[in-house]
Amino acid sequence: RIKSRTNRRVYFIYSYHFGSVLNYIGMWQVVMLAVVTFVNGCCSSAPCYDHQNVTYKATFEPAICETPCTVIPFFSPDTSVSTYVNLIESATEAIDIFTPDFNSWGSCTKHDGTCGGDCMGCTLKDQRNESFPIFSALLNAIHLHNVTVRLLTNDFYVPTCSGLIAPLDWLSLNGIQVRLYRTTTFLHSKFVLIDHGRRTSVSSINFSHTSFLKNREAGMVLDQCSCSAIAMYQAVFENDWDLGYDYVVNNTYTSSELEYITDPSMIPYAISPHPENPGVYVAPLIPYKNVTVKMAYTGPDYAYDTVMAGLAQTNSSLQVMIYQITDNALCNEMLNLSMRGVNVTLLVSYHIVSPADYLLAKKCYDMLYKSGLNGHIRKTSHVFTFSHQKFWIIDDSIVHLSTGNWSPDDVPNASVFPPYSQSGSAVFRDMLVAVEDPGVVRAFQDVFNSDWAIGTDWKLAE
């Protein structure tokens, strides 16, 4: 069994370099900024993206959908771009977005990777010609359809270079409301609410080129769901929106420049085709009607208890396809299930960015391998930059989808979450959903089984 670490914690803090092959979430990878060591709970500094200033307490309990919904599973690199564009184009009133970051598909968010130590941006012409279709679709929604757009994201403390402009500047100047997150350490949710929950998307997909077109990612659209689960999601957004603070454009622009920036004309955009990878399964985009959404829940609030309760009720099989597992208790629970006869299979990303996370994940996988799960653990194919999806299937009947990994950051075993500066522990905001439907489960199993087939067995020498 894996023993929990106590007294001493080591955190590697990463920032982001757009355009790198390692770019998969936003502003906090690739370049190691600091190694912060905590002894006996005492801490010296916090990550640059942490702006939490008050203790957060678990507030939002899991909620159910009292009526059936239509559910549309979607996956990167197959159909995520078209799904997101369709969501935005379908809005008639409001769009609310949780995203860890908002990255250009060109050069407009490229910088040296350090928090606050550099600046980013591009020319007005380059930004207006941004190739990220979500950028253009949002501007069309606000100008052509009078849709209210609110976007909540993290503050990485990277200003816009003088004389240039960045995506959030452009969106903000066009009337899109942008705020910065500080409820907990980090906003890790990839989540969209259309028209106050008429349509809702929960996924692992970050707003980056890699996430949409190079990674394996997974998501669901919950369509025409008028229920307590969607109301809970909306309440989480409103809570975090109210606790956030306004994004401020740090440059000034001339009247002619502002006229160019805020031109309300329709902006055309192309839907990028998914890459052709021979031998790789391409998941179809199918709506499943009359689906039971068993539960919607959020992290950090009650995510740990809910995930563990679901695992404890597993009887015959558990399939987990996830970027990484670094939580000791969840790793041990997989072993418990295997020991009582549950068929446990685990498919994980062949590559993990953070060396610290890699070592923790390796510790989990090696323990499971030595305990009898050899042959039940595989790494995904190198055809994907990352396998960044996060879902698990219980007894071939229920699929859970998360925006976060099985890590202490995403599913902390606690109910009170002080700021990082007091606790030395990072706490992420995530969204999760559990669905019980044969068609939806089969859609996720088809991705699991096909990616399993082209993966490679985990070995102790990894």
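Q: Let us start with one residue. In which helix is Val307 found?
A: First, note that this is a predicted model. Val307 is found in helix H8, which covers residues 303–312.

Q: Is Val307 buried or exposed?
A: Look at the relative accessible area. Buried means under 20%. Val307 has a relative accessible area of 2%, so Val307 is buried.

Q: Which residues does Val307 touch, leaving out those up to four places away in sequence?
A: Val307 touches Tyr297, Leu330, Trp392, Trp406, Val411 and Leu432. Take Val411. Val307 and Val411 are 104 residues apart along the chain, and their C-alpha atoms are separated by 8.4 Å.

Q: Where is Asp305, and is Asp305 buried or partly exposed?
A: Asp305 is also in helix H8. Its relative accessible area is 48%, so Asp305 is partly exposed.

Q: Now the whole chain. How many helices and strands are there?
A: The chain has twelve helices and 21 strands. Of its 462 residues, 61% are buried. Now take contacts between residues at least 6 apart in sequence: 85% of these join residues at least 24 apart.

Q: How enclosed is helix H1?
A: Count the buried residues. Seven of the ten residues of H1 are buried, so this helix is largely enclosed by the rest of the structure. The buried ones are Ser80, Val81, Thr83, Tyr84, Val85, Leu87 and Ile88.

Q: What is the general idea behind a nonpolar core?
A: In soluble globular proteins, nonpolar side chains tend to be buried together. Now the case here. The largest nonpolar core has 50 residues. Met220, Leu222, Tyr233, Phe391, Val399, Val440 and Phe444 touch the most other members.

Q: What does Leu222 touch, again leaving out residues up to four places away in sequence?
A: Leu222 touches Thr70, Val71, Arg198, Arg199, Thr200, Ile230, Tyr233, Val293 and Val433. There is also a second, separate core, with 44 residues. Tyr84, Val85, Ala141 and Ile165 are among them.

Q: How do I read a pair of aromatic rings?
A: A search of the whole structure finds 26 aromatic pairs. One of them is Phe75 with Phe444. Their ring centres are 5.1 Å apart and their planes are at 65°. Planes over 60 degrees apart count as edge-to-face, so this pair is edge-to-face.

Q: Which parts of the chain does the pair of Phe75 and Phe444 tie together?
A: Phe75 lies in strand S4, residues 69–76, and Phe444 lies in helix H12, residues 438–453. The pair therefore ties together parts that are 369 residues apart in sequence. Both Phe75 and Phe444 are buried.

Q: Which residues form an aromatic cluster?
A: One cluster is formed by Phe74, Tyr84, Phe102, Trp105, Phe132, Phe207 and Phe212.

Q: What should I look for in the backbone?
A: Look for exceptions. Most residues other than glycine have a negative phi, and most peptide bonds are trans.

Q: Which residues are joined by a cis peptide bond?
A: Ser76 and Pro77 are joined by one, with omega about 0°. Pro77 lies in the loop between S4 and helix H1. Gly299 and Pro300 are joined by another, with omega about 15°. Pro300 sits in the loop between strand S13 and H8.

Q: What is the phi of Asp395, and what is the phi of Asp396?
A: Asp395 is not a glycine, but has a positive phi of about 55°. Asp396 has a positive phi too, near 55°. Asp395 is in the loop between strand S17 and strand S18. Asp396 lies in the loop between S17 and S18 as well. Asp395 is buried, with a relative accessible area of 18%. Asp396, at 46%, counts as partly exposed.

Q: Last, a pocket. How much space lies in the second largest pocket?
A: About 320 Å³ lies in the second largest pocket. Its lining has 19 residues; Asp155, Tyr157, Val158, Leu180 and Tyr247 lie nearest its centre. Helix H4 and strand S12 are the elements that give two or more residues to this lining. By class, the lining has 13 nonpolar, three polar and three charged residues.

Notes. Residues are numbered from 1 along each chain as its sequence is written. This is a predicted model: local features need pLDDT of at least 70, side-chain atom pairs count only at pLDDT 80 or more; totals for chains, interfaces and linings use all residues. Side-chain values use heavy atoms; hydrogens and water are left out. A nonpolar core is a set of buried Ala, Val, Leu, Ile, Met, Phe, Trp, Tyr and Cys residues joined through side-chain atoms within 4.5 Å. Buried means under 20% relative accessible area, exposed over 50%, partly exposed in between (1.4 Å probe, protein chains only). Contact means heavy atoms within 4.5 Å. On a 1 Å grid over the protein atoms alone, a cavity is a set of points where a 1.4 Å probe fits but cannot get out, and a pocket is an open set with protein on both sides within 12 Å along at least five of seven lines; lining residues have an atom within 4 Å of a point. Grid points are joined across faces, edges and corners, and a volume is the space filled by probe spheres set on the points. Helices (H or I, at least four residues) and strands (E, at least two) are DSSP runs, numbered from the N terminus. Ala, Val, Leu, Ile, Met, Phe, Trp, Tyr, Cys and Pro count as nonpolar, Asp, Glu, Lys and Arg as charged, and the others, Gly among them, as polar. Rings of Phe, Tyr and Trp (its six-membered ring) pair if their centres lie within 6.5 Å; planes under 30 degrees apart count as stacked, over 60 as edge-to-face and the rest as tilted.
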